[in-house]
Amino acid sequence: MALSPALLHSAASTFHGQFPLPSVWFPASAHRIRTGGLSVTAMSTVVLVDKSEAEKVNRLKTTYLEKIVPLLKEEFKYTNVHQVPKVEKIVVNCGIGDAAQNAKGLEAAMNDLALITGQRPIKTRAKNAIATFKIREGQPLGIAVTLRGNVMYSFLDRLINLGLPRTRDFQGVSSNSFDGYGNYSVGIREQSVFPEISYDILGKPRGMDVCITTTANTDKEAHKLLALMGMPFREGGGGPTTVMRKKKLKSHHFDSKSKSKQRTKKR
């Protein structure tokens, strides 16, 4: 049954009378936006993110060129701008054990990594055949992607500010993951820490390794570079420490030991 316009008008006026819309008032410095009986204001004095910084496409790259380069040049006494260390490339790889048996899982992992990094990954294949692990030569074992340029800075920005802080029980990354030549590696257990991956449609949880290659000559310079970029190093860890590695034993070491054992047996 159709209602008359007069009845609709009376019903609407009765509704507004029973449920009056609230009005929210703020100080005079705020900007008021009125919609009917509701008044909403936006404070102009509180700015969470600077508009100029938010509109920049590659804010990490801009910060590196404008702020980080002068600080590194002053601290390490570089005479040339080209001596200042920088991030050269980032390699992200993900190992998939059942890649040969599960083609759909491999394709899904490639799509997920492409969403995270913004670049299509490639398949990594076995160079040699290993019968113990049932691996044939040329069999796909994982996926990897190499990032450079603006895509690299964009991924590093999301890794530092979004991915790592969303990790469960995160207390900072270790400062001892440098390789001695200014390169840093960090492992992520689950890819769901990135906002590009939806947790509901995520299939098998997978981790990945992130290798950051820099042009720094020492680990100290690379540590300072990544720390200024915002890498959340663990508190109290200090700087990178040099690890004394044992020398590999060669064949003549084993020969001398076997000869000495034979001599003792003869005696």
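**Before selecting**

This is a predicted model, in which local features need pLDDT of at least 70, side-chain atom pairs count only at pLDDT 80 or more, and totals for chains, interfaces and linings use all residues. Residues are numbered from 1 along each chain as its sequence is written, and side-chain values use heavy atoms, with hydrogens and water left out.

**Stop 1: the whole chain**

Display the chain as a cartoon and trace the 7 helices and 7 strands. These are DSSP runs, numbered from the N terminus: helices are H or I with at least four residues, and strands are E with at least two. Starting at the N terminus, the order of elements is α-β-β-α-α-β-α-β-β-α-β-β-α-α.

Colour next by accessibility: 29% of the 267 residues count as buried. Buried means under 20% relative accessible area, exposed means over 50%, and partly exposed lies in between, with a 1.4 Å probe and protein chains only. Among contacts in the chain with a separation of 6 or more, 60% come from residues 24 or more positions apart; a contact means heavy atoms within 4.5 Å.

**Stop 2: α3 against α6**

Select residues 59-75 for helix α3 and residues 219-229 for helix α6; their axes come within 10 Å and cross at roughly 140°. Axes are lines fitted to C-alpha atoms, for helices over the stretch in contact, and angles run from 0 to 180 degrees between N-to-C directions. The two helices α3 and α6 are therefore oblique to each other. Angles under 35 degrees count as roughly parallel, over 145 as roughly antiparallel, 65 to 115 as roughly perpendicular, and the rest as oblique.

Now show side chains. From α3, the residues L60, Y64, I68, L71, L72 and E75 meet K224, L225, L228 and M229 of α6. By class, this contact of α3 with α6 comprises 8 nonpolar, no polar and 2 charged residues. Ala, Val, Leu, Ile, Met, Phe, Trp, Tyr, Cys and Pro count as nonpolar, Asp, Glu, Lys and Arg as charged, and the others, Gly among them, as polar.

**Stop 3: the surroundings of α6**

Which residues of α6 are buried? Select D219, E221, A222, H223, L225, L226 and M229. The buried residues of α6 pack against α3, β3 (87-95), α5 (149-163), β6 (184-188) and β7 (208-214).

Centre on L226 in α6, which is buried at a relative accessible area of 1%. Leaving out residues up to four places away in sequence, L226 touches F178, Y184, I212, M231 and F233. A C-alpha to C-alpha line from L226 to I68 spans 9.9 Å, across 158 residues in sequence. Then step to G230, which follows α6 and has a positive phi near 110°.

**Stop 4: α3 against α5**

The contact of α3 with α5 has 4 nonpolar, 2 polar and 3 charged residues.

Also in α5, select R158. Is R158 buried or exposed? At 17% relative accessibility, R158 counts as buried. Neighbours within four places in sequence aside, R158 is in contact with I116, T117, G163, F194 and E196. L60 lies 9.8 Å from R158, C-alpha to C-alpha, and 98 residues away in sequence.

**Stop 5: two loop residues**

In the loop between α3 and β3, select K77. Phi of K77 is positive, near 55°, in a residue other than glycine, and K77 is exposed at 66% relative accessibility. Move to D169, in the loop between α5 and β6. D169 is not a glycine, yet has a positive phi of about 55°; at 70% relative accessibility D169 counts as exposed.

**Stop 6: cysteines**

Finish with C94, which is buried at a relative accessible area of 2%, and C211, which is partly exposed at 26%. How many disulfides does a search of the whole structure find? The search finds 0 disulfides, a disulfide being a pair of cysteine sulfur atoms within 2.5 Å.
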